[in-house]
Amino acid sequence: MTRRRAAALALLSGLVASAIASAQPLANAPAPAAPVYEDRLIEGGALAPDVGGEGGGAYNPEGWPRYLRVEGVASYFDQQGVITRENGARASGRIDTPNYGAISVDATARVGPGSFIATLVQRDFAFDENWRLNNSLGVVTTLGIDLTRNQYRFYIPTFPSAGGTTEWLRDGNLQLQASVGQPGNYDGFRLTGFQSLGGTLATVGAQWAFAPQWQAGVQLIDMTGVDSPYAVPNGNGTIGMRGAYAGLAWNDGTTRLQGNVLTSDASSSGSTLHATGVWLDGRTLWNGLTHHYGVFRFDPGLAWGYQPINNDLQGVYYRLAYQDLRWQVDGGIDQTWSVSGRGTPGTFYTINGRYQLNTRSGIGGNAAYLDNGGQNAWQASGFTDLLWSQGASRVQLSAGHNNNIPSNDAQQLVVDHTWNVPAGTRLTTSFTATRDATGSATNGDTVIPAVTFRRYGLGLLGGGDIANNVSIDANLQYNIVTHGGTASGIYGNVNLNWRLSPNWSIVGTYYDNRDDTANLFVISPLIPVINTLPTQRNRAVYFSLRWEERAGSPVAALGGRPGGPVGSIAGTIYLDQNDNGRRDPGDPVLPNVTVLLDGRFSTRTDEAGRFEFPFVGVGAHRITVVPDNVPLPWTFGDGQFEVRVDARTTSSVEFGARRQR
Amino acid sequence: MLAGALALAPCVASAQGFAAMVTPPRFELEGKPGQTQRQVIEVMNADQRPATYRMRTADWTLEPDATVHMSEALLADSCRPWVAIERREITVPSGGRYRYRFEVTPPAGAKGECRFAIVLTGGAETVNAGQNVNIPINGQIGIIVYVTLEGAAPQLEVVGSAVVEREGRKMPVIRVRNTGDAHGRLAGFLEGTDPGGKRLEFQPSGLPILPGETRDIPIDLASEGDNRPAIPFPITIRGTLEWSGKSTPFEARFAP
């Protein structure tokens, strides 16, 4: 950065930092001293110092930079009278070795229900010839080459597995990887466990940038003897699957084309179903516009591992996007048909727009229409954003309709406001009013009457430092539903973090849901209509006593420079339901999502969607959200976010998945 | 007078023996005559050793080239006598956070805007600059404070335009006069059309324009990063300039 620009930026930020150099050469006579002004002192200087923070502890400079956290966890869950007590311990350690890369260990031991999982991760293990190696052992996530992850429209899943993975990278041009293990699913609330599905799942993959603008890759998968709830093709019993994916991508900086072929042989109960999928995705930047387009065909029965993927579907799609300082517009069309003829053809139109009226206000809206074999649904909404003296507000009106049997009409008003509050605190409030009317329907001789719900909700999401060593965060919601009579409910989630000393801290959470007025209202033609159903009343208490220590010299924090100061990153992964770029009280969170720091250090979100990287070097860092467990149609785009870390502070971040358009 | 060479924008100044961080980076307060308001600056010490910082107020002036000059001596119109600080020296443990308090009490009948800085100095070191000249180096952070009194507001007016060369790059500037009694900053979305008909987006710099002064405000391409492309001239730039809830249409042709 140039000196002048730095000066301008410094003044913009108001903070002026300088290195003051004063020399007194003998030849120069000192200038007459200006009269010194003596500042007045509050209460004559008698105010007691208000000092706190994490500091003060003795630091052990011996050894490699390292971090260790051990915590005991006790929790109590009451789900409509069904009591679960989750008690156990969790440990996580990091060490940044000069010769063996960064090594992380995460382990969780749980009693009632009993479980023990551990993961050992080694990343960025450097070799000659610019080779780098990433390994993991324990409860891991199977790997996928980059071409399988760079999917704009379709999803190739990876799987939790008890086993191991290895990945070899060279110069960003060559990627070799393999994984093998017993697949399963994560379970638990606060203490994550692993539930095996039996059998074996193995993958191998290779990707090669064989010419400056070309990349090719192959991914193979072999699964045998797995007991899966998503059994293919019959849905029962032990299943097996063999599959292969091949991709070829070309990118000249303006246009990117990626061709993909996937074949699968899914076996169940002695029968095997062979299927093939072929699709081409393209992106062209032209004259300020971004065009996404593609054509696809997926045979019936197409599978990948034990999770469902697109099948019995063929069609085309096109998206157009434009963005400048004031405009943000995108729209598209998808046209699909059933390959087997058993399904119905579908057309999906979508358009989103936003216009920045001035630096403090903007308007926008979106609309979508789905026609699926004569059944159709539409949705439209408009909003206005206003930045004013009290903070940032959004008012949004939405409406939707579908002609299913029974038909459904819904309207919704949402007012969100993020308040301007003192540094170290945060507060967002939300008001929601919804009308949801479902028409009558006939089922044989039974007539299901029409029903109309009206739901009003108030939400509050906020927190802050209530003392130097104590911070609190809360999410509170109050809802009223009228449907014949009136019902009300309240939901609360309060987190307290109390740092007792440089090494010891207490984290407590109380969660209480006494709300039968579930907000299942989602206006989206792509999401099936879910009638308003009562939620389970539940409550939980969570308590953790944590000990952590860092040591080592020179201080090279995670992703930091030797000798540099450190902070930490804590965040939440959530679904941005109203696509306003902010986390609102009703936005659901995403558990068990893998998050990487600078591509080297990995962790997973907990049941509350939270993740944390303690002991991170000061400066800008890249957080990657690996979309393994993110449901479609939600996406994080490329999943890359930049986060700035300041010394001895926790950078709180929230990453919201948006609906793919 | 201490002439500080401005060094960096983020809220941290880090040199050998000086690793202080300060939040917030700037105060823009509203005040009432006769009423005291107390504010808190958080000072964090990122060094592994405890640090002692000297705290004081200072007056500041903004030079035409956007550099800031700090003055320990009272300037003629200084409002620092309205200011009281917590103490003149603080010690912050390694990794600690000190909540440093200051108060502003505008006297009855005061009008306009009070501007001053809270200056944190520390980490005295001596380096050999060659030829046996030892130069003491201090780290210093100045937190700019604006206190706008009731009714005070900027009144900005574009009084001219020009093309200037800054660091080897020709750039359009607009000359803005502030006839109000509080500082203002320009914002807004501007568009230009180059000789080939290509549309370009511009934004005005957010430099403060202090009451009574006329300041050249650069208008630059809205692209990110330091390596901004050259601006094609001649170019006509138009749009709406905004400040403090007000706006005015703008159109000017710039040619070197």
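Student: What makes chain B a two-domain chain here?
Tutor: This is a predicted model, and the domain assignment of chain B gives domain 1 (2-149) and domain 2 (156-254).

Student: How do you know that domain 1 of chain B and domain 2 of chain B are in contact?
Tutor: Contact calls for heavy atoms within 4.5 Å. Twelve residues of domain 1 of chain B meet that with nine residues of domain 2 of chain B. Between them the two domains bury about 890 Å², with 52% of it on carbon and sulfur atoms.

Student: Why is the pair B:Arg185 and B:Glu28 called a salt bridge?
Tutor: The cut-off is 4 Å, from a side-chain nitrogen of Lys or Arg to a carboxyl oxygen of Asp or Glu. In this pair the closest N and O atoms are 3.2 Å apart, so it qualifies. The count between domain 1 of chain B and domain 2 of chain B is one salt bridge. As for polar contacts, the rule finds six residue pairs across that interface.

Student: Which strands supply the domain 1 side?
Tutor: In chain B, β6 (51-62), β11 (113-128) and β12 (134-149) each give at least two residues to the side that touches domain 2. The residues on that side divide into five nonpolar, two polar and five charged.

Student: Over in chain A, why is A:Ser505 called buried?
Tutor: Buried means under 20% relative accessible area. A:Ser505 has 1%, so it counts as buried. A:Ser505 lies in strand β33 (residues 504-513) of chain A, and among the residues it touches are A:Trp498, A:Leu500 and A:Leu545.

Conventions
Residues numbered from 1 in each chain as written. Chains lettered and ligands numbered in written order. Predicted model: local features only at pLDDT ≥ 70, side-chain atom pairs only at ≥ 80, totals over all residues. Heavy atoms only, no water. Domains from an automatic or database assignment. Buried area = accessible area lost by both parts, 1.4 Å probe. Polar contact = N/O pair within 3.5 Å; in protein donor to acceptor, adjacent residues only side chain to side chain. Helix = DSSP H or I, 4+ residues; strand = E, 2+ residues; numbered from the N terminus. Nonpolar A, V, L, I, M, F, W, Y, C, P; charged D, E, K, R; others polar. Buried < 20%, exposed > 50% of the residue type's maximum accessible area, 1.4 Å probe, protein only. Lists of a residue's contacts leave out its neighbours within four places in sequence.
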